[in-house]
Amino acid sequence: MNYKLLLTTLLLAATSGAQAENVLRRSNDAEPASMDPQLAQGMPEMHILRDMFVGLIDEDAGAHLIPGVAEKWDVSEDGKTYTFHLRDNTWSDGTPVTAGDFVYAWRRGVDPAVGSKYSFFLYPVKNAKEIVEGKQPLDTLGVSAPDDKTLVVELNNPTPYFTGLLINAVTYPVPRHIVEKHGKEWTRAEHIAGNGAYKMREWKPQSRIVLEKSPDYYGAQDVQLDKVIYYVSEDKNAELQRYRAGELDWTADVPNDQIKWLQENLSDELHIYNYLGTFYFGYNLTKPPFKDNPKLREALSLVIDRERIVKNITASGEKPAYGFVVPGISGYAPYQPEYAAWDRQKRVEKAKALYAEAGYNKENPLRVELLYNTNDNNKKIAIAVASLWKDALGVETSLINKEWKAYLNDRREYNTQVFRGSWMGDYDDANTFLDLFVSGGGSNTIGLNDAEYDKLIAAAANETDRDKRAAILQQAEKRLIDSHALIPVYYFVSKHLIKPYVKGYEENVMNHWPSKYMRLEKAQ
């Protein structure tokens, strides 16, 4: 027997096996509702899409903007025309990515027939809003491709944060040849092609999505992970158990009631960072009991003890929220209503008076449904809020929990009364929070229809002076909060358990963690 040859074969097999095990196992809060970039809405979709696609602009490991498919770009003197120059880029089926793919994707993003809920991200582009509203044809969108490597974008007004918008999935290119061939089935694992660092190998609903490294990605030489597996993990305690059992390398979240134990026992693996996001409860303003009833809305808001929620339930450094825009946005001072400085007794007394004026009392209580998506942390907060309403006002609350896709659908269809909501900023500007509630906007699931608010947001878009623009946006936030159209509760932090051998990620307020920057440094 040739023992030297046998030893060499075994060593090669071992090496090959080690490489095959270069796999990052991540939990992902919920089953993705859609893997179509123009239809995706929530974080469960966005984390995966960032691995599979890249837009004109990309982010580094710290979520700072860097060139993506666009190697460079020029901006006209009036700030209204961007010319993007594209690098060589290929879909994961080997087909070249062209400027025409961006034109096609952006038109899908504003096409009423497609129904993107993030079309408002493209509203700075000429005619985008008019197309969404059915007032202009698709081909009038201010985006064109003079050739395969050049994309020209015309804006309505100078938009300082425009490049920041381009990291959102609605602006990603999509493979026209696949979309048109397979229609709504194009995102199935056997069909979908992306232009990012990873391509989909398997999608097992309610279980996992498996991605593998794409050799066609323009930065493939720097990608170190061979595979990334995303596991659906709505049960936070089960997620923690899987992590402790060594089945996960990275958790999407942690159970709030385990924070103290984790800080005492896994402090080196528990990572808590500031996060550009707001947790809130939204009212359905399109029908009773909250339509045209600001006194009732204010009463419910006043009795929510935000300080107690962040101290005893979330317990990870979150801050109570009374405005919607997260503090820390550049050049902007968030609005704080007068009652933010009141003590609890004064708030409850005021709430009782408003509740009575709205026609309710303990003998004739409000009966209301509170919707939240399935998640242990969401459930605990919903229970606490229902208890606060009951104790202070006598409100009878029915808690309704639904899985992610059904929850989103109920919000879109206004099949709600009160619902748990969250919004994560997409760029460093107050507009990323306030533009959400423009009348008719795809993500305006509270149904706010306020012409004066719309005028303020439009005026801010037309204002080039930074300080004047900030003042206009502050007026808009004040109008939103003073109308009690929603209930801000707290500002988020991101919470993850991460194995010590996972390297390459960087702390950031966006909670963006692209797998392409990560590597595993396990002991041999």
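Where is the place of tyrosine 414? Tyrosine 414 sits in the loop between helix H13 (404-412) and strand S15 (418-424); helices (H or I, at least four residues) and strands (E, at least two) are DSSP runs, numbered from the N terminus. The model is predicted, so to speak of local features pLDDT of at least 70 is needed, side-chain atom pairs count only at pLDDT 80 or more, and totals for chains, interfaces and linings use all residues. Residues are numbered from 1 along each chain as its sequence is written, and side-chain values use heavy atoms, with hydrogens and water left out.

**Domains and their interface**

The protein is divided into domain 1 (25-235 + 499-520) and domain 2 (274-494), with bounds that come from an automatic or database domain assignment. Taken over C-alpha atoms, the centres of domain 1 and domain 2 are 29 Å apart. Domain 1 gives 28 residues to the contact and domain 2 gives 27 residues, where contact means heavy atoms within 4.5 Å.

The size of an interface is often given as the accessible area lost when the parts come together. Between domain 1 and domain 2 about 2500 Å² is buried, and 56% of it is on carbon and sulfur atoms; buried area is the accessible area (1.4 Å probe) that two parts lose on being put together, summed over both. On the side of domain 1, Phe120, Tyr161 and Glu234 lose the most area to domain 2, together 25% of what that side buries.

Seven residue pairs are in polar contact between domain 1 and domain 2, both residues at pLDDT 80 or more. A polar contact is a pair of N or O atoms within 3.5 Å; within protein, one must be able to donate a hydrogen and the other to accept it, and residues adjacent in sequence count only if both atoms are side-chain atoms. Helix H2 (43-52) and helix H5 (162-165) are the elements that give two or more residues to the side of domain 1 that touches domain 2. The largest share of that side, three residues, comes from H2.

Neither residue in the table is a glycine. Buried means under 20% relative accessible area, exposed over 50%, and partly exposed in between (1.4 Å probe, protein chains only).

| Residue | Phi | Relative accessible area |
|---|---|---|
| Tyrosine 414 | near 55 degrees | 26%, partly exposed |
| Histidine 484 | about 55 degrees | 7%, buried |

Histidine 484 lies in the loop between helix H16 (466-482) and strand S16 (486-497).

**Other local features**

Proline 289 is in the loop between strand S11 (270-283) and helix H9 (294-302). The peptide bond from proline 288 to proline 289 is cis, with omega near 10 degrees.

Threonine 251 is in the loop between helix H7 (236-244) and H8, and is buried, with a relative accessible area of 0%. The side chain of threonine 251 reaches two backbone atoms: the oxygen of aspartate 253 at 2.9 Å and the nitrogen of leucine 497 at 2.9 Å. Not counting residues up to four places away in sequence, threonine 251 touches Ser27, Glu239, Tyr243, Lys495, His496 and Leu497.

Glutamine 263 belongs to helix H8 (residues 259-265) and is partly exposed, at 41% relative accessible area. Leaving aside neighbours within four places in sequence, glutamine 263 is in contact with Leu270 and Ile272.
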